[in-house]
Amino acid sequence: MAMTDSDIELPALPIDDPVADGDGVPLGLPPIERRVFCNRTLNLRKVRAIGYDMDYTLVHYNVEAWERAAYEHMQRKLSARGWPVDHLSFDPTVVIRGLMVDRDLGNLIKANRFGYVKHASHGLRRLTTSEKNKLYARTVVSPADDRFRLLDTLFSISEGVMFAQTTELLDARLLPEVMGFADLYDGVRRALDRAHIEGELKAEIMARPERYVELDPAVPQTLFEQKLAGHALLLITNSDFAYTEFMMAYAFDRFLPDGMTWRDLFRIVIVSARKPDFFGTDRLPIFEVVTGDGLLRRCPSGIPADGVYLGGHAAMVERHLGLDGSEILFVGDHMYGDVTVSKAIRRWRTALILRELEDEILALTRFRPTQRLLMDRVADKERLEHQISRLRLDLHRDRAAANASPLHLAAAEARVKALRDAILALDAEIDPLARAAEQLGNARWGPTLRTGADKSYLARQLERHADIYTARVSNFQLATPFAYFRAPYGSLPHDPGPAMS
Ligand SMILES: [Mg+2]
């Protein structure tokens with residue numbers, strides 16, 4: 001379909017900087033929560049194709065509504081197996097993305113970037129620091145270990161909540177058939193998978209999409225403009241054809257220019273893609289989706305032409321487009337299935353969609369004056385601790401020297417005591433500030449990407465595998481299809497700064 005630039009109706013941009021050129025085009029940077037953040041420099045003009053995941057990437061769901069529906073399906077399946085779960089109810093604040101499930105001990109844990117456990121809960125009870133240290137002081141956690149499972153998408157929220165709640169049933173010996181926490185987790189997981197596979201859940205979503213889908217008109221417009229700018233667009237989703245067709249039409253078609261449908265945006269659509277295996281080295285077969293009702297035709301020699309396909313693998317897409325991995329950007333919300341493997345195996349450029357970021361950035365912004373106060377107080381404490389250490393060393397030296405005057409020793413001891421009191425007073429100020437910082441975003445677990453002053457395990461994965469990250473796809477519209485994302489000057493502990501003076 002022929003479109004010209006003047007046919008496009010651009011939405012009002014949420015730009016907080018009033019700088020504009022003569023025609024009133026806003027030229028300032030988008031507000032911080034709508035920006036695209038960069039770990040590894042990426043020039044969008046060098047990217048020839050942009051691939052998208054669908055669920056929670058192009059189509060955003062109301063997490064509370066969707067996860068509650070998934071939870072209730074799970075609950076019915078578990079109840080049918082005789083588990084006493086009918087009295088339980090869904091509470092989305094129990095878990096956040098990025099936590100790990102410990103299948104041995106039945107705990108939920110939040111680890112820092114090194115894999116050390118910083119917070120843990122058993123059931124709904126948070127472990128005390130000494131309980132946590134007793135269990136995990138010598139443990140480095142990793143999802144590569146079969147003992148741990150990372151909750152790596154918003155689709156994991158329902159499963160995490162159900163696991164936490166049923167842990168308490170197992171402890172109370174109300175689940176006689178369950179052989180331990182690993183068995184419990186696998187049982188919960190199977191119930192969720194069955195709800196997904198049997199299609200009841202998706203049928204419910206399709207029957208009332210307005211309840212579950214959060215429409216964002218700027219997402220179809222973003223893709224439309226990327227296509228105009230010359231990017232080849234791809235859709236690569238694990239969802240099946242019927243669901244994809246329904247959901248994309250629902251979320252996209254109404255916001256596209258007249259006569260255009262979501263299909264016109266993409267050169268290649270791949271449904272039932274089986275990510276992460278799609279990005280792996282197995283040569284999975286591909287089928288063309290020939291008719292609207294999903295009739296398939298096998299394509300033994302790869303992708304013959306642009307169109308809609310089922311299955312296949314990433315190398316076929318590269319071959320069909322004549323591109324190498326470094327020219328393809330893949331955008332998805334699943335840390336492992338969309339980002340880790342596409343980067344590790346295919347060396348595609350990668351973008352993670354992390355919706356929680358938007359609220360967390362706003363919370364961090366509001367908290368900034370308190371954060372500054374906290375950092376100042378910690379720096380004060382560090383200075384006093386250094387002074388006290390120096391004085392203690394002097395005292396040791398004086399005591400060791402035969403001729404130290406008792407008066408001098410008593411004065412030095414009094415100074416040490418005064419410093420110790422000052423540090424205690426500072427601690428009383430620091431503790432509530434640090435606790436408030438640890439509750440930003442979620443009162444139980446704090447911000448997704450931080451553990452205290454450090455990065456969370458999820459943040460470490462994000463910086464290793466995602467070249468860029470942002471809260472929603474439409475932020476690429478604000479950045480424009482020509483953006484040059486530059487990695488910031490990374491800070492290191494030895495960088496000279498105010499804290500060093
Ligand atoms: Mg997804």
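**View 1. The largest nonpolar core of this predicted model has 113 residues.** M74, V95, L234 and L352 make the most contacts inside this core. A nonpolar core here is a set of buried Ala, Val, Leu, Ile, Met, Phe, Trp, Tyr and Cys residues joined through C-beta atoms within 7 Å. Buried means 20 or more other C-beta atoms within 10 Å of a residue's own, with C-beta atoms placed from the backbone. Helix α4 (residues 181-197) is the top contributor, giving seven residues. Helices are DSSP runs (H or I, at least four residues), numbered from the N terminus. Domain 1 (34-53 + 213-354) and domain 2 (63-198) both supply residues, so the core lies between them.

Residues are numbered from 1 along each chain as its sequence is written. In this predicted model, local features need pLDDT of at least 70 and side-chain atom pairs count only at pLDDT 80 or more, while totals for chains, interfaces and linings use all residues.

**View 2. Surroundings of L234.** Beyond its neighbours within four places in sequence, L234 contacts A49, G51, Y52, F266, R267, I268 and V317. Contact means C-beta atoms, placed from the backbone, within 7 Å.

**View 3. An open sheet of five strands.** The order is β8-β7-β6-β5-β9, with antiparallel pairing. Strands are DSSP runs (E, at least two residues); two of them pair if DSSP finds at least two bridges between them. At the edges, β8 (125-126) and β9 (148-150) each pair on one side only.

**View 4. Strands β5 and β6.** Three bridges join antiparallel β5 (residues 100-102) and β6 (residues 107-111). D102 has N107 of β6 as its bridge partner.

Key: Buried ≥ 20, exposed ≤ 12 C-beta atoms within 10 Å, placed from the backbone. Domains from an automatic or database assignment. Contact = placed C-beta atoms within 7 Å.
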